[in-house]
Amino acid sequence: MKVFCGRANPTTGSVEWLEEDEHYDYHQEIARSSYADMLHDKDRCQGLWSNNFSGLSEAMAAVNAGNVKYYQGIRAAVRRVKERGQPVIVLDIGTGTGLLSMMAVSAGADFCYAIEVFKPMADAAVKIVEKNGFSDKIKIINKHSTEVSVGPDGDMQCYANILVTELFDTELIGEGALPSYEHAHKNLVEENCEAVPHKATVYAQLVESRRMWSWNKLFPVHIQTDNAEKIIVAPSEMENCPGAPSVYDIQLNQMPRGDFTILSNVLTMFSVDFSRQVNSSPTYHTMQFEPLVSGRAQVVLSWWDIDMDPDGKIKCSMAPYWVHSDPKNIQWRDHWMQCVYFLPNEEPVAQGESLYLIAHRDDYCVWYNLHKTRIEKSKSNFHGERPVCECQAHLLWNRPRFGELNDQNRTEQYMQALKKVLKADSICLCISDGSLLPILAHCVGAEQVFTIENSAVSYRLMKKIFKANHLEDKISIIEKRPELLTSADLGDRKISVLLGEPFFTTSLLPWHSLYFWYARTAVTEHLADSIIVLPQAASLHMVVVEFKDLWRIRSPCGTCEGFDVHIMDDMIKHSLDFREAREAEPHPLWEYSSRCLSEPQQVLTFDFQKPVPQRPLSAKGSVTLQRPGRSHGVVLWMEYHLTAESSISTGLVQRPEAQGECSWNPHCKQAVYFLNSTLEAKTQDSPQIVTYALEFNPKVGDISMDFRLVS
């Protein structure tokens, strides 16, 4: 059966109604799930889906090929219950493939109740359990755990005495682990049951980092005009804003040690004992410490570890490289990374002074504050308010966007380009979301500057920024979509210079910012005959790469610890073949080590001086793999040509080094097209090639693509 789906097109800006297969969302969810990085995680094991549907994509990653630590923990828990002379009844919340339940039965459990809320996954679990010969001892329950009943006529005949789950995200509690554990202890398991994992501990470290702080605040922007230096400042409301409540989870193992200064030792903030009753009510935890050095406290880096057993002998740690017990052999993960939290404001700290770091949490979120005095015990109910953005900048700009706006070298490139194209009588129109380009154009000397802001949030934010810089009467903000622009909005004047970074909050893939081209086409009637467009053009580039680790998210599982989970692989492959395997997906590649096996190649060009064409733009050809390595995928990115001499790259920021090491733009996500099969590129004596066929369809604003390895 077909269904009509309405969705906003990020490139054309239009709302489209498309006829899709009724299972499209299901296939898309599975195909984009990145399940296989857990599969290759030697410290953990679970083949599960999250108990909560909201955590679906991350939880789908839950099939693990190593499963060493979980399996060890389950064996130990089963042994302890048997030593007490009790039958072993296991509750597995978010079972996914049923892998942990099969481990438990293999370890000697008498029966397992395996809960899985997502029906397609529950159906797959039934087949996997049956294929492995465990149907008589594992019952798959297709419900949310809070809907499960216990009793003679219930879903479970009796309470469980071992609780096995993996409900964690990078923040530990962000997928609802605490409420799920709380309910299970009250309703589904015996008092003082065994739990695998047994305990989780959250750690924090205070640091000073201009790079990371630039992801949270707008720094003063210094611009040099012909007459003097000018400084763009943020509104005081933005300076004092506590920021967004969400954690910024990244691969801290890719953060150079020189990009931050450690101000404290590693602090043990709090622990959660999963074998006891868990309380999800808001609370806080305080740790006293003395700074190791003087500096400016800006950022809290945080991670956790889990003990699979009560003795803490079976441990799985997310610690970053500089504090890890074995930094040369850190298990790569993309499902559990590390957390970056921003303090509400930076605070000067002195070496040796007594300070208090406070970790606040509610049932889904953690945040931090720094105090110079201990909170009085009389304030035992104090848990702090979850930070809420008051300036609206954190609602409009994501973390990489803050970093991009704070990139002084990037700003200087735009300034130099503007100086080449602007004149004293220039009438400018800027089309980008929340851009500082209108201010730069005014400072360079344009006669009049207009800027279009599509959303009420960007309109209000830019109004505050213009006012803080005394430009509210100098720059006109138009809160309209480009196609609704009228001559009256422009004072009946023609635009001589059209500007764009381009940046749009709706863009996911690099070419989605071609919305600027569609907007340029929509305002054609308001442009002068001699219109200058900056950037004047854009181009799409590609390179074939080998990933050190990222390939794991697309690697099949097969057999895990002797259990056959090919059914899971087949389900993933079917969903990928449905559509997603023919599409690219966004990744911030600065977080993932990679090598270029081919030289970068330009494949498509988009001329912004002219309107969007009626006919498709296409390119076919091949690239030769010039370096040895395994070709995992093709990376694509856009370059914007501000002028004939100046370009901004959203991908590679320099040519690959001799061995192919890549340096990616840290402010942008690049598009990755994972190849269906990989070949080992050998030497130039036996070169291999990748053929490509790309087509930009102007009617839908998307790029169809096909890449194939040829030996």
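**Sheets and helices in a predicted model**

The model is predicted, with local features needing pLDDT of at least 70 and side-chain atom pairs counting only at pLDDT 80 or more, while totals for chains, interfaces and linings use all residues. Residues are numbered from 1 along each chain as its sequence is written, and side-chain values use heavy atoms, leaving out hydrogens and water.

**Around β4 and β5**
- Four bridges pair β4 (residues 111-115) with β5 (residues 138-141) in the parallel sense; strands pair if DSSP finds at least two bridges between them.
- From β4 the chain passes through helix α6 (residues 119-131) to β5, a right-handed β-α-β crossover (with the strands pointing away from the viewer, the path from the first strand over the helix to the second runs clockwise).
- Helices (H or I, at least four residues) and strands (E, at least two) are DSSP runs, numbered from the N terminus.

**The five-stranded sheet**
- This open sheet has parallel pairing and the order β22-β21-β20-β23-β24.
- Its edge strands, β22 (475-478) and β24 (527-534), each pair on one side only.
- Between β20 (residues 427-431) and β23 (residues 495-499), which run parallel, there are three bridges.
- Leu429 has Leu498 in β23 as its bridge partner.

**Helices on that sheet**
- Helix α13 (residues 437-444) packs on the sheet and touches β20, β21 (448-452), β22 and β23, where contact means heavy atoms within 4.5 Å.
- The direction of α13 makes about 175° with that of β21; axes are lines fitted to C-alpha atoms, for helices over the stretch in contact, and angles run from 0 to 180 degrees between N-to-C directions.
- Helix α12 (residues 408-421) lies across β23 and β24, at about 155° to β24.
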